[in-house]
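Here's a quick walk through some side-chain contacts. Have the model open while you read.

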Amino acid sequence: MTRSEFKFAYLQPLFADVERLRGEGAYRQLPAPQPSSSLAADDAPLGMYSASTLIRNSYGAGVAHADALRRLVHAGEVDPQSP
């Protein structure tokens with residue numbers, strides 16, 4: 001499927017956000033939770049298996065996947081079977 005065949009205008013807001021998050025060659029990460037936040041309180045008993053780490057890693061993976069889609073669309077390499 002070529003870029004001209006794929007109608008991706010609805011993805012432009014997502015692609016703009018991804019480009020903004022990409023920065024200077026690396027994605028901006030979510031900050032660690034504030035010590036006084038409820039998320040930090042949830043993390044306290046979990047040690048190195050904190051919920052905030054899972055959330056931050058999942059967010060980063062989502063941004064990377066959206067960026068991969070953006071690059072495929074702009075290269076005209078999108079096909080209906082790619083996840």
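A salt bridge here is a side-chain nitrogen of Lys or Arg within 4 Å of a carboxyl oxygen of Asp or Glu. This is a predicted model, where local features need pLDDT of at least 70, side-chain atom pairs count only at pLDDT 80 or more, and totals for chains, interfaces and linings use all residues. Residues are numbered from 1 along each chain as its sequence is written, and side-chain values use heavy atoms, with hydrogens and water left out.

Searching the whole structure turns up five salt bridges, including these:

| Salt bridge | N to O distance |
|---|---|
| Asp-17 and Arg-20 | 3.6 Å |
| Asp-67 and Arg-70 | 2.7 Å |
| Asp-67 and Arg-71 | 3.5 Å |

Let's start with helix H3, residues 51–75 (helices are DSSP runs of H or I, at least four residues, numbered from the N terminus). Asp-67 and Arg-70 sit three residues apart there, about one helical turn. Arg-71 is four residues from Asp-67 in helix H3, again about one turn. Through shared partners, salt bridges link Glu-19, Arg-22, Asp-67, Arg-70 and Arg-71 into one network.

How accessible are they? Asp-67 is buried at 0% relative accessibility (buried is under 20% relative accessible area, exposed over 50%, partly exposed in between, with a 1.4 Å probe and protein chains only). Arg-70 is buried too, at 13%, while Arg-71 is partly exposed at 44%.

Over in helix H1 (residues 12–22), Asp-17 and Arg-20 are three residues apart. Asp-17 is partly exposed at 37%, as is Arg-20 at 46%.

Notes. Helix = DSSP H or I, 4+ residues; strand = E, 2+ residues; numbered from the N terminus.
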